[in-house]
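I opened a new page for this structure.

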Amino acid sequence: HVNYYMDLANMKARQREARATGEEMAEMYYTSTIVDTVLCLEGMEVIGAYLANKLTKAGVLSKNAHQTMYIASPEYDPAGQIIFRENTLPMVRGKNVLILMASCTTGFTAHKGIEAVGYYGGEVVGIAALYSAVDNVSGLPVRSVYNLSDLPDYASYDYKDCPYCKKGRKIDALVNSHGYSSL
């Protein structure tokens with residue numbers, strides 16, 4: 001017998017935050033962009049669902065009112081390339097795809113997404129991120145909730161060029177889409 005504890009109040013708060021974030025991001029595309037598929041990278045499926053829900057709401061200005069919208073998560077091959085199998089391929093091929101990311105710091109992951117969508121016959125119509133340190137990737141603007149003006153001391157370095165590494169200073173933590181991990 002195992003007892004599980006669920007902090008329902010905290011779960012409800014996170015749900016409200018995800019909804020508000022998804023709806024705020026949808027406003028960036030609501031009147032300007034036709035979206036068939038939201039490609040969720042970095043665990044963004046919940047926010048992606050709220051974004052899609054808002055985009056498909058009826059309204060005079062909505063480009064997506066009453067349309068079906070797919071929420072897709074990619075699979076990665078052993079080399080780290082994004083792949084789509086037969087069951088998810090129809091969500092990309094011939095579709096207008098919005099790439100949704102947690103963060104777009106260098107554009108590397110977004111570029112991989114753009115390449116994969118193009119390879120599988122889709123068209124990337126936008127890149128949305130919670131945070132972005134870049135303005136565009138492969139000629140597409142990155143629209144974000146937060147950017148460098150919100151984190152003015154933010155810096156990103158290739159490990160070979162990191163001034164802290166060159167001085168022998170160890171890092172305190174790793175941060176990725178799975179969370180914060182102290183070292």
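For elements I used DSSP runs numbered from the N terminus, with helices (H or I) of at least four residues and strands (E) of at least two. Strands count as paired if DSSP finds at least two bridges between them.

This is a predicted model, where local features need pLDDT of at least 70, side-chain atom pairs count only at pLDDT 80 or more, and totals for chains, interfaces and linings use all residues. Residues are numbered from 1 along each chain as its sequence is written, and side-chain values use heavy atoms, leaving out hydrogens and water.

Next I traced the sheet. It is open, with six strands in the order β2-β1-β5-β6-β8-β7 and mixed pairing. At the edges I found β2 (70-72) and β7 (136-137), each pairing on one side only.

Then I looked up the helices. I saw α2 (residues 45-55) lying across β1 (37-40), β2, β5 and β6, at about 165° to β1. Contact means heavy atoms within 4.5 Å. Angles run from 0 to 180 degrees between N-to-C directions, with axes fitted to C-alpha atoms, for helices over the stretch in contact.

Last came the cores. A nonpolar core joins buried Ala, Val, Leu, Ile, Met, Phe, Trp, Tyr and Cys residues through side-chain atoms within 4.5 Å; buried means under 20% relative accessible area, with a 1.4 Å probe and protein chains only. The largest has 25 residues, and Leu39 and Phe84 are among those with the most contacts inside it.

Conventions: Buried means under 20% relative accessible area, exposed over 50%, partly exposed in between (1.4 Å probe, protein chains only).
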